[in-house]
Amino acid sequence: MTQPLRIVQLSEAFTGGVFASVTGLSNGLAERGHEVHLAYARRPETPADIRSFVHPSITLYEIEMVRPIDLAVDWRSFVTIRRLLRTLAPDVLHVHSSKAGVLGRLAARATGLARRTFYSPRGLAFLQEDHSPRTRYIYEKIEWSMARVAGT
């Protein structure tokens, strides 16, 4: 194996299929010798004992993030994510879910990680039919804009 990478996984939607996918991916990377840091937001459906689902070497960070747009909470989340990225200086940032995708890519841009950021949306907010057409249009424009900020 080549040099181990320091990888930060970031997800706001840390439940159900996203939880299974992100923990599985993180575990696989840790088992291959990479240094994995998993930053997540807790939802009511998030398992209580996350530690029991992840490889012992994975470092966990619970970050305040909320699903809807909330400028005050979103700003605090961005500052926390930016601080974490500056502290860890990862080789790779992998963001999952729409909210983490926006905040993580902005923080990546602010910390010089834009070209080392990967985005796996899991469920694009602008496709969710439980939102009004206007809200979906706004979410689509946000996604379009963030694709130009950072990441693959």
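Which residues of helix 2 are buried? Val 73, Asp 74, Ser 77, Phe 78, Val 79, Ile 81, Leu 84, Leu 85 and Leu 88 are, where buried means under 20% relative accessible area, exposed over 50% and partly exposed in between (1.4 Å probe, protein chains only).

## Ground rules

This is a predicted model, so local features need pLDDT of at least 70 and side-chain atom pairs count only at pLDDT 80 or more, while totals for chains, interfaces and linings use all residues. Residues are numbered from 1 along each chain as its sequence is written, and side-chain values use heavy atoms, with hydrogens and water left out.

## The whole chain

The chain has 4 helices and 5 strands, laid out along the sequence as β-α-β-β-α-β-α-β-α. Both kinds of element are DSSP runs numbered from the N terminus: helices are H or I with at least four residues, strands E with at least two. The radius of gyration is 15 Å, which agrees with the value near 15 Å for a compact globule of 152 residues; it is taken over C-alpha atoms, and the globule rule is 2.2 Å times the number of residues to the power 0.38. The C-alpha trace spans about 45 × 35 × 25 Å along its principal axes.

Buried residues come to 46% of the 152. Of the contacts (heavy atoms within 4.5 Å) with a separation of 6 or more, 66% join residues 24 or more positions apart.

## Helix 2 and what it touches

Helix 2 covers residues 71–88, 18 residues in total. From first C-alpha to last it reaches 25 Å, close to the 26 Å expected at 1.5 Å a residue, the expected span being 1.5 Å times one less than the number of residues.

Its buried residues pack against strand 1 (6–11), strand 2 (35–40), strand 3 (59–62), strand 4 (92–96) and helix 3 (98–110).

Most residues other than glycine have a negative phi. Ala 89 sits in the loop between helix 2 and strand 4 and is partly exposed, at 47% relative accessible area.

Ser 97 is another non-glycine residue with a positive phi, near 85 degrees. This one lies in the loop between strand 4 and helix 3, and Ser 97 counts as buried at 4% relative accessibility.
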